[in-house]
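Please examine the sequence and the model shown below before reading on.

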Amino acid sequence: LFEQQPNGLWLMTIGVPVPMETRVDTTGSMGNNVDVALGVLPRAFELVGQMLPGCDLQVATGIFGDAFSDRFVLCRPQFEMEAGKIVEQLTLMVPERNGGDATEDPDYGLFAGAYLTADYLSRIGLKGYDFTVSDADGRGSVEKDGIMVVFGDDVFEKIAGNGHQLDPHRLPRTKEIVKVLLKRAHAFFLQVGDIPTTRDFWTDVFGQERVVVLPDTRMLPQVQAVIIGLTEGTLSLGDV
């Protein structure tokens, strides 16, 4: 947004919008990390904003569960640009702390990030940010019925309207979904706890340089800010 000043010049009062989406595993295996993550994530807006000077940070923070046992496979808000609205969205999340097996379902959230997101930044050839936070493997795929339950009966029309052509009977696997996501976002998997099999699974999906292992979720906003600062060049390794 540019506003004309009394001297006739124009001042940029709101910069280019930069979207940042975070989806957090809230199944039982995450334990106390669920409450910790939901408690600290509001700080991400402040810390990440410092890494994006002159930009308009827009945040969407959601949660995901298990498609086979949870009522809410995915809770995904719209992108918000005010701290109060971001916190308000978090209060609407429904963490069930359930999950019927060791594998969880961030796959539907990744699918939404890849095929059901329209943002200005990607239209001008730049990228926003996308974070998935979990301690478990993903399912590795999505199902047509699951997509329609989560996103509605007209989901494939919405996907087509967003510029993607998907055959409902030949859906991409999670690794392919992430490849599409990486075209519009710098995407990372933040692993809570260092389980080697989980790390191997997500390294295959995202690539080694996009998997970051955390002992717990207490420093989640700081880690996100560091990743974005290093990616944007507004932070050096010495500053970290």
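How many bridges join S6 to S7, and do they run parallel or antiparallel? The two strands are joined by 7 bridges and run parallel. Strands here are DSSP runs of type E with at least two residues, helices are runs of H or I with at least four residues, and both are numbered from the N terminus. This is a predicted model, in which local features need pLDDT of at least 70 and side-chain atom pairs count only at pLDDT 80 or more, while totals for chains, interfaces and linings use all residues. Residues are numbered from 1 along each chain as its sequence is written, and side-chain values use heavy atoms, with hydrogens and water left out.

The sheet gives these strands their setting. Strands of a sheet pair through backbone hydrogen bonds, either parallel or antiparallel. In this model 6 strands form an open sheet with mixed pairing, in the order S5-S4-S3-S6-S7-S8. Strand S5 (74-75) and strand S8 (211-214) stand at the edges with a single partner strand each, so one side of each has no neighbour in the sheet. Two strands count as paired if DSSP finds at least two bridges between them. Strand S4 (residues 56-64) and S5 run antiparallel and are joined by 2 bridges, and Ile63 has Cys75 in S5 as its bridge partner. Strand S3 (residues 17-25) pairs with S6 in the parallel sense over 5 bridges, and Thr22 has Phe131 in S6 as its bridge partner.

Is S6 enclosed or left open by the rest of the structure? Of its 7 residues, 7 are buried, so S6 is largely enclosed. Buried means under 20% relative accessible area, exposed means over 50%, and partly exposed lies in between (1.4 Å probe, protein chains only). Both faces of S6 are covered, with Gly128, Asp130, Thr132 and Ser134 on one side and Tyr129, Phe131 and Val133 on the other.

The structure holds 7 aromatic pairs, where rings of Phe, Tyr and Trp (its six-membered ring) pair if their centres lie within 6.5 Å; planes under 30 degrees apart count as stacked, over 60 as edge-to-face and the rest as tilted. The ring centres of Phe131 and Phe188 are 5.8 Å apart and their planes stand at 20°, so this pair is stacked. Phe131 lies in strand S6 (residues 128-134) and Phe188 in strand S7 (residues 185-192), so the pair ties together parts that are 57 residues apart in sequence. Phe131 is buried, at a relative accessible area of 0%, and Phe188 is buried, at 9%.

Charged side chains form further links. Side chains of opposite charge can pair when their charged atoms come close. The structure holds 11 salt bridges, each being a side-chain nitrogen of Lys or Arg within 4 Å of a carboxyl oxygen of Asp or Glu. One of them joins the side chains of Arg23 and Asp130 (2.7 Å, N to O). Arg23 counts as buried at 1% relative accessibility, and Asp130 is buried with a relative accessible area of 0%.
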